[in-house]
Amino acid sequence: MKSTGKLARAAFALLAGTAIAFSAGGALAQAKDNRIELQWWHAMTGALNERVNEIAEGFNKGQDKYKIVAVNKGSYPETLTAAMAAFRAGKGPHIVQVFEVGTGTMMASRAAIKPVYELMAQNGYKFDPGSYISAVTGYYSTSDGKMLSYPFNSSTPVMYYNKDAFQKAGLDPNQPPKTWQEFEPMLRKLKASGSTCPFQTNWQTWVQLENFSALHNVPFATKSNGFDGFDTELKFNSPLHVRHITTLAGWMKEGLMVYGGRKNEANAKFVSGECAIHMESSAGYATFARGAKFKWGIAMLPYYSDVQGAPQNSIIGGASLWVLGKHKAEEYKGVAQFFDYLTSTENQVWWHKNTGYLPITPMSYEATKQQGFYAANPGTDTSVQQMMLKPPTNNSKGLRLGNFVQIRDVMDEELEAVWSGKKSPKEALDTAVERGNRLLRQFERDAKRS
Amino acid sequence: MEKRVVFQNRYLPYLLIAPQIAITIVFFFWPASQAVVQSVLREDAFGTRSYFVGMENFLALFEDEYYLNSFKITALFSTLVTTIGLSLSLLLAVTADRLVRGTTAYKTLLIWPYAVAPAVAGALWGFVFLPGPGIFAWLLLQAGVDWNFHLNGNQAMFVVVVAATWKQISYNFLFFLAGLQSIPKSLIEAAAIDGAGPIRRFWSVVFPLLSPTLFFLVVVNVVYAFFETFGVIHSLTRGGPAKSTEILVYKVWYDGFEAQDLGGSAAQSVILMAIVIGLTVIQFRYIERKVHY
């Protein structure tokens, strides 16, 4: 009996001691770091995750008032869902990275977001829409140029090609095809030289339908691709679109083109040298620079030379940073300061050079050029040049569609039906437009109720 | 003879089942009621505003041919998984029951797949059937099959059924084996003396006596195919190609989490709930009557 009492007392003393030590430690930590924490939820993985952490670290070192905490929340849809659930529970992050197809959804949730132009103005930062590359920022701005979210990682699709494979097929490795008309004879030569995969594309909806429309200056949807209102209708079943998909389907049948999946799964087949021509985001640069053991080049996306006005300019993909509502004014001040930090030419240049994502100010493009980066790494400026080919029109500013996540899936499904020979290109595109319009109407109904 | 236990205290039985009731309320009734409420609302993704819309979410579902298609897919998928899974595991159990030597080794090996998580099972079979490096895919290609389950809906269904069935065979096997071992040897021997061959003995004596086990397994397998195969489908096909493997549960998840259409997703949950209640009633009312205990 006595011995248990002693044991209990000893345990209690130990417990109390630990508790004191902990609280002392806590107080110490608090004294050392009374910064305001700002949560930044993002979907960057691998090397890009490291770059994001470096950005947060750089900002945290440069001042002692705020502390950006960068947290990876999985894929883009997972990050968005996590932010929504947290916001409902009153614990939303300050900054959340949302992919471009989520833009319509975010815009429709006006009560949950804080527009970036408002944030910057309220905290005393001058905001001049003219000092940005409008082809990039326009995607995330209102029709009158007010920026709603901060364009963080924007890229545009370009064409990568295997110079060794071109040489082997008797083609000039410095003359990649400029038009779709030039494509076919080249693909035939590549196949004749033994290539099992002359051509493939990643992100088929983004590259072969969305950017295809912008480059040929034809509408993807009415109402300036949705910028002018929710009552927009899809238009990607025009004769030109049908012509293009028919061409691609023919190539697949002939073995001139290979289907490699909806996302970027097919990168592996370009890196391994199996595929000769590959269309992928400009942000794929890092992957190929590290992995490809052959000579390769970058070129602009091709166009049909008989279409008037082509090539216009390409549009972006990627993601932007949205600021969520219901936070303290003091915290918003820190977020504004962080965005200002991100926009500095120095940081923009670093981000552009290290990731292949586009710079958002013309100044940082010029600075990168002056540092000799493009000359040392030929082809890295292809994306910027393609974006700035011509001033954007209503067909090439970007896309602003509600329920766009599902619409992309619908397009993928219908395109796959073409590739597997189940549907004709016209039939598939008509169905995709009809199904997509139904999703747009549902979104419009929901938006009108507010 | 009455075998009922009689409690002296009126409140004791309620007290004893209280923990179970509490768990059911918190983890079933409460979320289910939330789904019912959500199914008649439309709200924006962040939940800042919501509107009562009556039956609109349900009506929209029945106008969607892909939702109706998902019913067909679910019916086909669960029938295949249940029948193939049960037949194969019954065959395995009967053979394992007859073994004289090495029974433990066989049993252990057959039980292993049950320890594999659905997503992992999906990834494993995905690799085996991967067009290109996958071994089965390679064999099929050699046999002249144009194999690519990322493009061909029937092939995708095949792969998903294989993975889902494989994972459930262990569980079925265990129950069948236990059922077989509880059948009195004297009955089988009596039938043998009466001149019944092995096949006749199986169908006339063993199979009827196994029917309680079989009934139980049918219920469990249907529920498994309906709800627990999400991981397999998500890792193998993500419901594709062109929604050809999108079972009802997968669509609930997709519409709710990927598409942020909470009202539509909740409406589907409510319908699914009604289906499960209906199925359970049918199973216990009609099928159970034919089962000999």
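In chain A, four strands form an open sheet with mixed pairing, in the order 7-8-6-9. Strands are DSSP runs of E of at least two residues, helices are runs of H or I of at least four, and both are numbered from the N terminus; two strands pair if DSSP finds at least two bridges between them. This is a predicted model, in which local features need pLDDT of at least 70, side-chain atom pairs count only at pLDDT 80 or more, and totals for chains, interfaces and linings use all residues. Residues are numbered from 1 along each chain as its sequence is written, while chains are lettered from A and ligands numbered from 1 in the order in which they are written.

**Sheet of chain A**
- Strand 7 (197-201) and strand 9 (296-299) of chain A each have a single partner strand and stand at the edges, so one side of each lacks a neighbour in the sheet.
- Strand 7 of chain A runs parallel to strand 8 (residues 275-281) of chain A, and four bridges join them.
- Gln200(A) has His278(A) in strand 8 of chain A as its bridge partner.

**Val270(B)**
- Helix 12 of chain B (residues 262-287) contains Val270(B).
- Val270(B) counts as partly exposed because it has 18 C-beta neighbours inside 10 Å (buried means 20 or more other C-beta atoms within 10 Å, exposed 12 or fewer, partly exposed in between, with C-beta atoms placed from the backbone).
- The C-alpha atoms of Val270(B) and Ser33(B) are separated by 9.3 Å, although the two residues are 237 apart along the chain.

**Confidence**
- The model has ipTM 0.73 and pTM 0.82.
- Chain B has a mean pLDDT (the predictor's confidence in each residue, from 0 to 100) of 87, and 97% of its residues reach 70 or more.
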